[in-house]
Amino acid sequence: METVAIRRAAPDRSTLGLVIFLAAESMTFAGLISAHIILRPTQGVWPPLDQPRLPAGMTAVATLFLLASAWPAYKAAKTVAADGTAPTRWLVGTWVLGALFLGIQGYEWTQLVGHGLTMTSSIYGALFYTVIGFHALHVAVAMCALTITVGKSMAGRYSAADHTGVRLCTVYWWYVVVVWPTLYVLVYLM
């Protein structure tokens, strides 16, 4: 009787690289979340009485935009993988919703700074800008990746057989979407 060896296809290097990067980023987010959880009880009144309250309602609207952006990102990956249809409109939709999220956060930050909440005003301010800023940086990087991916899509660079760029871009986007609700609840609502 002959033994047949089954060989499993190894993930391509770009996928493996993204997985390793996201694992490292997850550890960084876990560290920031842990710092917030550990430092917060040591501060007594939270938020400090002399510091402005975070605009949870405005950020809830931004959260809805970010969560909604997962749908066009999903559709972009699905349509190009299924039949090679250019995912441009879905990628642009994702980008627009991400821009709305970042725009609201930018407005929020300018208002908070104007009311005295800065990195150096308190542990409260330092934790807020570090945790939320780290996420905002990830959204901005994902939007840059989306911009590049949109350009390549418009140039007809993706097909059903070759759409790695779309897949990697949308996986990274889903990552920033999935991380956000935990941060929102922890920082804005607790």
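## Helix packing around helix 6

Helix 4 (residues 88–114) packs on helix 6 (residues 164–189) at about 30 degrees, and their axes sit 13 Å apart. Angles under 35 degrees count as roughly parallel, so helix 4 runs roughly parallel to helix 6. The crossing of helix 4 past helix 6 is left-handed. On the helix 4 side, the contact comes from L91, T94, G98, F101, Q105 and E108, while helix 6 brings T170, W173, W180 and Y188. Sorted by class, the residues of this contact are five nonpolar, four polar and one charged. Bear in mind that this is a predicted model.

Now for the other partner of helix 6. Helix 3 (residues 70–83) packs against helix 6 at about 160 degrees, with the axes 9 Å apart. Angles over 145 degrees count as roughly antiparallel, and helix 3 and helix 6 are therefore roughly antiparallel to each other. Here, too, the crossing is left-handed, with helix 3 passing helix 6. Helix 3 makes the contact with A70, A73, Y74, A76, A77 and V80, and helix 6 answers with V166, T170, W173, W174 and V177. The tally for the contact of helix 3 with helix 6 is 10 nonpolar residues, one polar and no charged.

Here are the two pairs side by side:

| Helix pair | Packing angle | Axis separation |
|---|---|---|
| Helix 4 and helix 6 | about 30 degrees | 13 Å |
| Helix 3 and helix 6 | about 160 degrees | 9 Å |

T170 and W173 of helix 6 turn up in the contact with helix 4, and T170 and W173 are also listed in the contact with helix 3.

Stepping back to the whole chain, what does the fold consist of? The protein chain has six helices and zero strands, and from the N terminus on its elements run α-α-α-α-α-α. Its C-alpha trace spans about 75 × 45 × 20 Å along the principal axes. Of the 190 residues, 40% count as buried. Among contacts with a separation of 6 or more, 81% are between residues 24 or more positions apart.

Take L22, which lies in helix 1. Is L22 buried or exposed? With a relative accessibility of 11%, L22 counts as buried, because the cut-off for buried is under 20%. Leaving aside residues up to four places away in sequence, L22 touches V171, Y172 and Y175. The C-alpha atoms of L22 and V176 are 9.9 Å apart, although 154 residues separate the two along the chain.

The second residue is H36, also placed in helix 1 (residues 13–39). H36 is buried as well, at a relative accessible area of 2%. Which residues does H36 touch, not counting those up to four places away in sequence? They are W46, L127, L186 and V187.

W46 leads on to a backbone detail. The peptide bond from W46 to P47 is cis, and its omega is near -5 degrees. Where does P47 sit? P47 belongs to the loop between helix 1 and helix 2 (56–68).

Terms used:
Residues numbered from 1 in each chain as written. Predicted model: local features only at pLDDT ≥ 70, side-chain atom pairs only at ≥ 80, totals over all residues. Heavy atoms only, no water. Axes fitted to C-alpha atoms, helices over the stretch in contact; angles between N-to-C directions. Helix = DSSP H or I, 4+ residues; strand = E, 2+ residues; numbered from the N terminus. Parallel < 35°, antiparallel > 145°, perpendicular 65-115°, else oblique. Left-handed = near helix turned anticlockwise from the far one by under 90°. Contact = heavy atoms within 4.5 Å. Nonpolar A, V, L, I, M, F, W, Y, C, P; charged D, E, K, R; others polar. Buried < 20%, exposed > 50% of the residue type's maximum accessible area, 1.4 Å probe, protein only.
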